[in-house]
Amino acid sequence: MDFHFEDSRSQNQGKVDGKENRSSLSQPKRKQDFDDISTSDSKKQKVAQQDDESYQEREKQRSKQKLLIQQKDMKKVRAMAGRLLTAKLDNHDQLIPLKNAPTSRDYSPSSLAQGINFENSLEVRLECPISGDLSVLRLSDGAWIIPGEDGLVGIEEIEEAFLAMPGVDPKLLHKNWIKNHFRMIVWTLASLERKGFCQSALSLQNIMERLKYRYDREIDRAERPILRKLCEKDDA
């Protein structure tokens, strides 16, 4: 009886003289409601303004990068050894062959590394770890990367960043040189991560360092890779 009594009261609640009480529908919005709407609109405008300012700053930096590359065509670029080449030359006796390198299964490869193969490695776009209001990611060897409109970095952004690096002469490079080495480097780093040689191997820092290392050896030091020697029939 108690249950039915309470249910009957709930059904009749809000009725006066057989008519429904619609005061809850006709009450005007409280001041707090308008304040909440105003605050929400203000936050949206602020976010939109920040996004617009960030986009404009990136375009400004991208223009500077393109101008720097154009200026290199009109002057001689002095060769500068990168960090990776210098480290390998200074510690040559301590280098370990890959077949003897230790592996670890204490981590799981990233989902990006797991899905990379030779065919799709050129289409890879990586996250750009920019913090705060910064619009440029600065790496070793004077490299600076400007992410695309999607906030990611792919071959287009890597090409611009590499050609603008100190010590890199665009005049000495074939138009497909960066694409070819980017593909091979991304594939290699993803494979190393999957095999347990290095956690988070597939990163923008490692890609740029290895691009500069290959440039230093193949272009500045004229040390052709063994596969190129075989293709050019200069080695048996």
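Predicted model: local features only at pLDDT ≥ 70, side-chain atom pairs only at ≥ 80, totals over all residues.
Residues are numbered from 1 along each chain as its sequence is written.

**Overall make-up**

The protein chain has nine helices and six strands. Helices (H or I, at least four residues) and strands (E, at least two) are DSSP runs, numbered from the N terminus. Of its 236 residues, 29% count as buried; buried means under 20% relative accessible area, exposed over 50%, and partly exposed in between, with a 1.4 Å probe and protein chains only. Among contacts (heavy atoms within 4.5 Å) with a separation of 6 or more, 72% join residues 24 or more positions apart.

Two packed helices are described by the angle between their axes and the distance between the axes. Axes are lines fitted to C-alpha atoms, for helices over the stretch in contact, and angles run from 0 to 180 degrees between N-to-C directions.

| Pair | Angle | Axis distance |
|---|---|---|
| H6 (residues 155–163) and H8 (residues 204–220) | about 50° | 11 Å |
| H4 (residues 83–90) and H8 | roughly 70° | within 7 Å |

The angle of about 50° between H6 and H8 makes H6 oblique to H8. The angle of roughly 70° between H4 and H8 makes H4 roughly perpendicular to H8. The classes are roughly parallel under 35 degrees, roughly antiparallel over 145, roughly perpendicular from 65 to 115, and oblique for the rest.

On the H6 side, Ile158, Ala161 and Phe162 touch Leu204, Ile207, Met208, Leu211, Lys212 and Tyr215 of H8. By class, this contact has eight nonpolar, no polar and one charged residues. Here Ala, Val, Leu, Ile, Met, Phe, Trp, Tyr, Cys and Pro count as nonpolar, Asp, Glu, Lys and Arg as charged, and the others, Gly among them, as polar. Seven of the nine residues of H6 are buried, including Ile158, Ala161 and Phe162.

From H4, Arg83, Leu84, Leu85 and Lys88 meet Glu209, Arg210, Tyr213, Asp216 and Arg217 in H8. The contact of H4 with H8 has three nonpolar, no polar and six charged residues.

**Asp169**

Asp169 lies in the loop between H6 and helix H7 (177–194). Its relative accessible area is 8%, so Asp169 is buried. The Asp169 side chain makes a polar contact with the side chain of Lys171 at 3.0 Å. A polar contact is a pair of N or O atoms within 3.5 Å; within protein, one must be able to donate a hydrogen and the other to accept it, and residues adjacent in sequence count only if both atoms are side-chain atoms. Leaving aside neighbours within four places in sequence, Asp169 touches Val77 and Tyr215; Tyr215 is also one of the H8 residues that meet H6.

Leu137 belongs to strand S4 (residues 137–138) and is buried at 10% relative accessibility. Beyond its neighbours within four places in sequence, Leu137 contacts Cys128, Pro129, Ile130, Ala143, Trp144, Ile145 and Leu204. The C-alpha atoms of Leu137 and Pro147, ten residues apart along the chain, are separated by 8.1 Å.

Asp141 sits in the loop between S4 and strand S5 (144–145). Asp141 is partly exposed, at 22% relative accessibility, and has a positive phi of about 65° although it is not a glycine. Ser200, in the loop between H7 and H8, is not a glycine either and has a positive phi of about 55°.

Notes:
Heavy atoms only, no water.
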